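Hello,

Here is the structure you asked about. Please open it next to this email, as the notes below go through it piece by piece.

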Amino acid sequence: MSATVAACVSALFKWGGELAVRIRAWFRPDHVPLGAGEWQLYTSFDNTPKVRVLVACAPTRSLRKQEVNPDLAIRFARGHFANRLVPVPTFSRPQNGVKFQEVRHVTDMAAYLWIWAAGRVDYSTFVETIPTESGGHALPLVEVIDPIVTVARAVTSREYRRVFPRRWADLPRRFDWFIAVGTHIRKEDGEAVKPWTELAFPGTPTPRAAGE
């Protein structure tokens, strides 16, 4: 009898340990989706006439289904980025995702919205600097924060959850972020690359170059 009891207790400990491992694996974030897009995230933006801002946001845990419904993704994009994008996506494939070009920079392939099948949302845009009296370039802080806030509102929306449903019995969804702001600009071809030199805060006088 004692041998049977010992075997049962041993089995319970073994199964309980395996169950605990499975439960931890189910809820533990793997941080894979942020790096799952086919376009790698990078920060080298120093050869454009405006300052590039790239915002990427993805769930901390891999999705159950690595595929996107293009119709739902397009509806999501139009609902949260409507006035920023061209009406029709430039790319749409369930296994990859949906891509829109930004309407203000239609000819610039670096200005876009990508909704990846892994759940990652990339928004890349440009911010115009303001000339300062000392000959430098001021970066408007509000225009840098705006795309970040726009993406944050979009990924926490009901429309995003329709595109990328949560797992059954899952914890509240958390997100990983990648935010990159360009450091240099080149206004014209042949001009030396110059850094932006200061931030322009809301409510302060707009800095202008001397003589303006």
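Which strands does helix 3 lie across, and at about what angle does it run to strand 1? Helix 3 lies across strand 1, strand 5 (121-127) and strand 8. Its angle to strand 1 is about 20°. Bear in mind that this is a predicted model.

Those strands belong to an open sheet of 6 strands, in the order 2-3-4-5-1-8. The pairing is antiparallel. Strand 2 (91-93) and strand 8 (175-181) are at the edges. Each has a single partner strand, so one side of each has no neighbour in the sheet. On average, neighbouring strands here are turned by 10° against each other, direction ignored.

Within this sheet, strand 3 (residues 97-101) and strand 4 (residues 112-116) run antiparallel, joined by 5 bridges. Val-98 has Ile-115 in strand 4 as its bridge partner.

Now look at Arg-52 in strand 1 (residues 51-59). Arg-52 counts as buried, because its relative accessibility is 5%, under the 20% cut-off. Its side chain makes a polar contact with the side chain of Tyr-112, at 3.4 Å.

There is also an open sheet of 3 strands, ordered 6-7-11, with mixed pairing. Strand 6 (130-131) and strand 11 (198-200) are its edges; each has a single partner strand, so one side of each is left without a neighbour in the sheet. Strand 7 (residues 137-140) pairs with strand 11 in the parallel sense, over 3 bridges. Ala-138 stands opposite Glu-198 in strand 11. Helix 3 (residues 141-155) packs on this sheet too, touching strand 7 and strand 11. Its direction makes about 40° with that of strand 7.

Best wishes

Technical notes
Residues are numbered from 1 along each chain as its sequence is written. This is a predicted model: local features need pLDDT of at least 70, side-chain atom pairs count only at pLDDT 80 or more; totals for chains, interfaces and linings use all residues. Side-chain values use heavy atoms; hydrogens and water are left out. Helices (H or I, at least four residues) and strands (E, at least two) are DSSP runs, numbered from the N terminus. Buried means under 20% relative accessible area, exposed over 50%, partly exposed in between (1.4 Å probe, protein chains only). A polar contact is a pair of N or O atoms within 3.5 Å; within protein, one must be able to donate a hydrogen and the other to accept it, and residues adjacent in sequence count only if both atoms are side-chain atoms. Two strands pair if DSSP finds at least two bridges between them. Contact means heavy atoms within 4.5 Å. Axes are lines fitted to C-alpha atoms, for helices over the stretch in contact, and angles run from 0 to 180 degrees between N-to-C directions.
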